[in-house]
Amino acid sequence: MNDKHIIHVEDLHKWFGLLHVIRGVSFSVVPREVVVVIGRSGSGKSTLLRCLNFLESPSSGVISVAGHEVTTGPGLKPDGKKIIDLRLSTGMVFQEFNLFPHMTSIQNVIEGLITVKGVKKDAAIPIGEKYLDKVGLLEKRDVHPIRLSGGQKQRVAIARALAMEPQVMLFDEPTSALDPELIGEVLDVMKQLAYEGTTMMVVSHEMGFARDVSDRIIFFDEGLIVEDGPPEQIFNNPHDERTRLFLEPLRKAQHL
Amino acid sequence: MAVDTMRSFGPAGPDPDISMGQKLMELERRARLIHALQVAVVWVVLFMILGLALMLLNFDPRYVRDHFGFVLQGLWVTIQLALISITLATILALLGALGRLSTSPIAQGVSGFYISLFRGTPLLIQIYLIYLGLPQIGRQFQDLGMQQLGQLFTLNAFQSGVLALSLNYGAYMTEIFRAGIQSISYGQREAASAIGMNRMQIMRRVILPQAVRIIIPDIGNQFIAMQKDTALVSVMGIWELTFRANRLARQESKFMEMFVTAALLYWILTVVSSWLESRLERRLAEAYER
């Protein structure tokens, strides 16, 4: 792989039983790049993202994030230590937030620092507060997730991922479970991260965000990258008929 | 960066119709109170019928009064038995559940076998086997000159009772723990994995704290059931509640007097325990209340 790349994926395959959901995908991401992956539901785009930190074990292929490379294939048992390294280089934000309900906001944010990185609680709390402040929720520091709105939960989840100071942030449809009026606050946080130069890979249906914030859009269909290019090109001049067919109704619906 | 959220809507001043809401709440409160009173009356009536039945049995309250202290002393033994056994059973159940859910074939096999064996045989027989059977094995070791090892197999009655109750209830409670652990959504596990936690850390920090809250009522239920199954250890001559009641009952053929006394003490014990359990349950629920 090229030293410039922070994510590098080579010939990635994923099978669910006899379902071939990712069919040999290769791509790279450079530091500070914001890549949005779009595609139909069921196209495999979420699985692709989840393979990067091994929440889904790839069936075969090479995945490398921030210099940690893991090769997988039939009969090859990936090294658990390496997978942890991959996970520590990536922060992940889920569609369903997945905050720990038995912990307050601050406890959610510092849990990884304390349990995984072995940071002392006294040292972890200021870090946690810094990231809660970053997502605008320092005032909700001692509140349990059940007392937060969906948008607030997702912002705490973003803070939780950021607190581990990963080199790459992965977003798996971060606004899909939110009421429309709460989407904006989450996208605002993500935009801010993008402007600060965070390397981001985002699976999303938010075409406005994709067009305005991303450096690159990947259109994913039937387990393959159909088109990969800057947003102007993808939106205004798609090379592939499938991309155009996918975008047309969305652009109408989202007034783009 | 601060993100502005949550503007509150709704009327600014007090609602002119507020008295209507208050009236409805008052009516609802009264209906609930009346219902609770009615239930209480039913309880009182049932108590009276029970008392009447006891009187018809030619119940001798003096015998109860004279020997109440003697029976009551057994209550403490019963509580000790139950407390120690439920603690050990909980530990066994946790290990059993982790075994069942583990990927290791050995752990899965061992826990599956344990559950099957101890759920598939009567507690009373398990008590006999541990109290009377194990020493037979011990004696054979002693014949071979292994005194220390042989001693290990000879348990006194109390130890045997605790061991049998723990193993038996541990097997049942394994399934409770397993169900509790599995009820935690997969997303929790994924979120914990994503921040780099290993399996042990995920279990200890994320899954178990949530699972325990869910299964506390079930553990409480098992604890209550166990308190009464401690009566079975009286067959080994442990001076607990049932043994003491039985002994005095036989002395002067005052069966009803003594067994009703013992039964009442068990009943009070379970009422107190379930009250304590519901308090614990409420405390653990605090984080989840809006």
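Colleague: What makes the four strands of chain A a sheet, and in which order do they stand?

Modeller: In this predicted model, the four strands form an open sheet in the order E2-E1-E4-E5 of chain A, with antiparallel pairing. Strands count as paired if DSSP finds at least two bridges between them, and five bridges join E1 (residues 7–16) to E4 (residues 60–65) of chain A, so these two meet that condition. Within E4(A), Val62(A) is the residue that stands opposite Glu10(A).

Colleague: Why are strand E2 and strand E5 of chain A said to stand at the edges?

Modeller: Strand E2 (19–29) and strand E5 (68–72) of chain A each have a single partner strand, so one side of each is left without a neighbour in the sheet. Neighbouring strands of this sheet are turned against each other by 15° on average, direction ignored.

Colleague: Which strands does helix H1 of chain A touch as it packs on the sheet?

Modeller: Helix H1 (residues 45–52) of chain A touches E1, E2 and E4 of chain A, and its direction makes about 60° with that of E2(A). Helix H2 (residues 80–89) of chain A lies across E4 and E5 of chain A, running at about 130° to E5(A).

Colleague: How do you know that the length of helix H4 of chain B agrees with what it should span?

Modeller: At 1.5 Å a residue, the 21 residues of H4(B) (residues 123–143) should span 30 Å, and the end C-alpha atoms are 30 Å apart, which agrees.

Terms used:
Residues numbered from 1 in each chain as written. Chains lettered and ligands numbered in written order. Predicted model: local features only at pLDDT ≥ 70, side-chain atom pairs only at ≥ 80, totals over all residues. Heavy atoms only, no water. Axes fitted to C-alpha atoms, helices over the stretch in contact; angles between N-to-C directions. Contact = heavy atoms within 4.5 Å. Expected span 1.5 Å × (residues − 1).
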